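Here is a short note to go with the model, written as numbered points. Have a look at the structure, then read on.

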Amino acid sequence: MEIDQWRREYLRGGLRRADLKSTPIEQFRQWLSEAVEAELSDPSSMCLATADASGQPSQRIVLLKGFDERGFTFYTNLESHKARDIASNPKVSLLFPWQSLERQVIVYGRAVQVDREETLAYFRTRPRDSQLAAWASQQSDPIPSREQLQKQFDAVKSQYGEDEIPLPDFWGGYRVLPDAVEFWQGGASRLHDRFIYRAEEAGQWTVERLSP
């Protein structure tokens, strides 16, 4: 079959205004919980879209490491491609593609750095090898070979031995402060249900249904 004939119906269920929580964070919490209960692979994975100063967009999968009424948090090398984009253009978008539940969540907002105290608290929870990898990799920079990457990792591992691994000054977190959050539920005959929360003053949110 040709690719333009690949299709299926979305029949798992609809989404109604009466089903929605009062804030997007509450609604996200419910949907994330249902994704975990459904045993989806990597339910916390999200596609992060950034754009550089020229407007060139780029995307990559990162892992959500926390969320609350302030926003959605992830961690990375602060000299990486994504970090350089954010430095010049802090407007970003997140996409949670929960395809087996026929759901998507899209976050539109602005990325700000997480403070060092919060970053350190998270860094301490990472597996030791992940802490070492943060030191070993100059994320997004060219590297001649896999062997070179392994040498850098082995050197860092030898350097710290059994000592506590310090937080690199080039590694940290970003919190995406949401301006709008869309919840998409697949529907039959391509009549999908879409609702978007838009931030208002004083922490209030308006909700609109969007055409599919």
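1. Ser100 is partly exposed at 47% relative accessible area (buried means under 20%, exposed over 50%, partly exposed in between, with a 1.4 Å probe and protein chains only). Ser100 sits in the loop between β5 (91-98) and β6 (103-113); helices (H or I, at least four residues) and strands (E, at least two) are DSSP runs, numbered from the N terminus. Beyond its neighbours within four places in sequence, Ser100 is in contact with Arg12 and Leu40, where contact means heavy atoms within 4.5 Å.

2. A word on the basis: this is a predicted model, where local features need pLDDT of at least 70, side-chain atom pairs count only at pLDDT 80 or more, and totals for chains, interfaces and linings use all residues. Residues are numbered from 1 along each chain as its sequence is written, and side-chain values use heavy atoms, leaving out hydrogens and water.

3. How many salt bridges does the structure hold? There are nine, a salt bridge being a side-chain nitrogen of Lys or Arg within 4 Å of a carboxyl oxygen of Asp or Glu. One of them joins Arg8 and Glu102, with the closest N and O atoms 3.0 Å apart. Arg8 lies in the segment before α1 (24-37) and Glu102 in the loop between β5 and β6, so the pair ties together parts 94 residues apart in sequence. Glu102 is buried at 6%, while Arg8 is partly exposed at 44%.

4. Arg175 pairs with Glu118 in another salt bridge, at 2.6 Å between the closest N and O atoms. This links strand β7 (residues 171-185), which holds Arg175, to helix α3 (residues 116-123), which holds Glu118. Arg175 is buried at 7%.
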